[in-house]
Amino acid sequence: MATSRIAIIGTGVIGAMTAWQLTRRGAEVLTFDAHSPGHDRGASAGESRIFRTIYKEGPGYVPLLQRSSGLWRDLERTTGSDLLTMCGGLTIGRADHPDVQAVRRCAEGHGLDHEVLDANRTRERFPQHAVDDDEVAVFDPAAGVLRPELAVQAALHAAEASGATLLPHHPVRKVAKTARGWRITSNGKDFDADHVVFAPGPWASRLEPLRGLPVEVRLITACWWAARDHAAHLPDRLPITIRRHREAGFSCFPSLDGASIKTVPHHLGFPVLGDPDSLPRNASPEFTRAASAAAARLLPGVVPHPIRIGTYAEGFTPDEHALLGALPGLRNATVMTGFSGHGFKLAPVFGEIGADLVLTGGTAHDIDHLDPSRFTNA
Ligand SMILES: Cc1cc2nc3c(=O)[nH]c(=O)nc-3n(C[C@H](O)[C@H](O)[C@H](O)COP(=O)(O)OP(=O)(O)OC[C@H]3O[C@@H](n4cnc5c(N)ncnc54)[C@H](O)[C@@H]3O)c2cc1C
């Protein structure tokens with residue numbers, strides 16, 4: 001039987017970053033994943049992710065985002081990888097749209113650099129977007145595009161180089177308390193650990209100790225569109241964009257593949273999936289038609305028929321803030337799940353917080369709003 005001090009179950013971006021941060025501080029780490037690093041069945045794949053600093057999800061995230069930005073650069077330096085391209089970010093919509101207002105409030109409240117462009121200025125600077133006369137754009141210069149598969153690989157590579165033992169293709173079937181810590185069963189073997197970090201993404205309810213946590217599995221679908229003028233859709237000319245329009249809404253990513261740009265439609269909702277393993281590998285004709293109509297209406301430089309569709313599972317909590325902290329009622333267990341569609345950009349700082357919690361039982365970061373007991377105590 002193998003023994004290890006800290007076991008991490010799940011190496012999507014959250015588990016991978018936690019492994020990197022723990023090994024950086026000299027901890028002994030053993031990681032398990034049912035699949036290979038950077039796989040496309042969970043939440044941490046699909047070529048690109050948005051990084052932004054002006055945050056509509058809550059101004060309390062700004063210090064976490066600023067710390068995360070520095071840690072992304074640390075990981076790039078440590079591994080020699082190119083993970084984050086600062087192409088800037090746009091939020092486009094009517095001036096009275098709640099997301100446009102939230103972004104402006106966040107920028108003004110934190111004194112963050114930003115520009116507010118009227119419709120004409122937006123068209124001049126960003127002709128890739130069709131903009132109505134009553135719309136504005138808020139430009140965030142501290143925003144960019146992340147490469148998710150590479151990021152997961154880089155964090156795990158850094159962890160392994162500092163001594164972590166990685167076990168891909170090791171689905172954890174059972175996690176049981178022992179007198180000293182935990183016993184983890186995978187591929188017919190038992191592994192002992194003093195502390196377990198549960199980072200299973202949308203598979204949370206499959207692990208017995210996490211069953212009571214309110215994590216709903218949802219399907220998020222991404223579409224890639226051929227760009228007619230490819231050069232105009234590269235990161236040096238097309239920022240990441242949150243688009244809010246009366247007919248549609250999506251996030252939009254500049255071209256990283258040399259041919260197409262990506263959107264993740266939001267206005268069609270993120271359907272609930274009973275089981276992350278039942279992820280459909282294609283979109284319905286209705287979804288594709290509606291996504292095409294949005295591209296035809298709002299992205300004049302693309303051919304509005306998707307050349308690629310990707311489907312992904314993500315865990316959502318009722319308030320759409322993650323569960324990050326001690327597992328209620330259990331010692332030596334940290335849970336990190338339910339990142340609700342916006343965890344990627346924050347993964348390095350969440351990894352740092354995970355390491356703080358495991359090694360010291362607390363953290364200097366303000367994460368009260370992520371306390372897992374907020375639902376169990378309600
Ligand atoms: C399409 C899409 C677009 C998104 N866009 C953005 C964005 O632009 N910006 C942003 O910040 N965030 C975005 N997000 C959210 C962000 O990507 C996620 O919050 C983040 O990737 C969650 O990572 P995770 O590690 O929690 O989950 P996952 O990546 O799903 O990782 C969980 C891992 O645990 C493993 N696992 C689970 N159970 C077990 C078990 N029993 N045994 C072994 N292994 C197990 C799984 O195999 C998996 O590898 C997006 C999400 C999606 C799906």
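Biologist: Before we start, when is a residue near a molecule?
Modeller: A residue is near a molecule if one of its heavy atoms lies within 4 Å of it. Please note that this is a predicted model.

Biologist: How many residues surround the ligand, and which are the closest?
Modeller: The ligand is surrounded by 35 residues. The closest are Asp-33, His-39, Ser-44, Glu-314 and Lys-345.

Biologist: How far is a polar side-chain atom of Glu-314 from an oxygen atom of the ligand?
Modeller: The distance is 2.6 Å for Glu-314. For Lys-345, a polar side-chain atom also lies 2.6 Å from an oxygen atom of the ligand. On the backbone side, a polar atom of Gly-341 is 3.3 Å from a ligand nitrogen atom.

Biologist: And how much of the ligand's area does the protein bury?
Modeller: The protein buries 96% of the 1,000 Å² that the ligand exposes when taken alone.

Biologist: Which elements give two or more residues to the shell?
Modeller: Those elements are α1 (13–24), β3 (49–51) and β17 (308–316). By residue class, the shell has 19 nonpolar, twelve polar and four charged residues. Domain 1 (2–46 + 148–214 + 319–376) and domain 2 (89–141 + 216–316) each supply at least three of the shell's residues.

Biologist: Turning to the sheet, in what order do its eight strands run?
Modeller: The order is β6-β7-β5-β14-β15-β16-β13-β17, in an open sheet with mixed pairing.

Biologist: Why is one side of β6 and of β17 left without a neighbour?
Modeller: Both β6 (115–117) and β17 stand at the edges with a single partner strand each, so one side of each has no neighbour in the sheet.

Biologist: How do β13 and β17 pair?
Modeller: Strand β13 (residues 216–226) pairs with β17 in the antiparallel sense, over nine bridges. Val-217, for instance, has Gly-315 of β17 as its bridge partner.

Key. Residues numbered from 1 in each chain as written. Predicted model: local features only at pLDDT ≥ 70, side-chain atom pairs only at ≥ 80, totals over all residues. Heavy atoms only, no water. Polar contact = N/O pair within 3.5 Å; in protein donor to acceptor, adjacent residues only side chain to side chain. Areas by Shrake-Rupley, 256 points an atom, 1.4 Å probe, with all protein chains shown as cover. Helix = DSSP H or I, 4+ residues; strand = E, 2+ residues; numbered from the N terminus. Nonpolar A, V, L, I, M, F, W, Y, C, P; charged D, E, K, R; others polar. Domains from an automatic or database assignment. Pairing = 2+ DSSP bridges.
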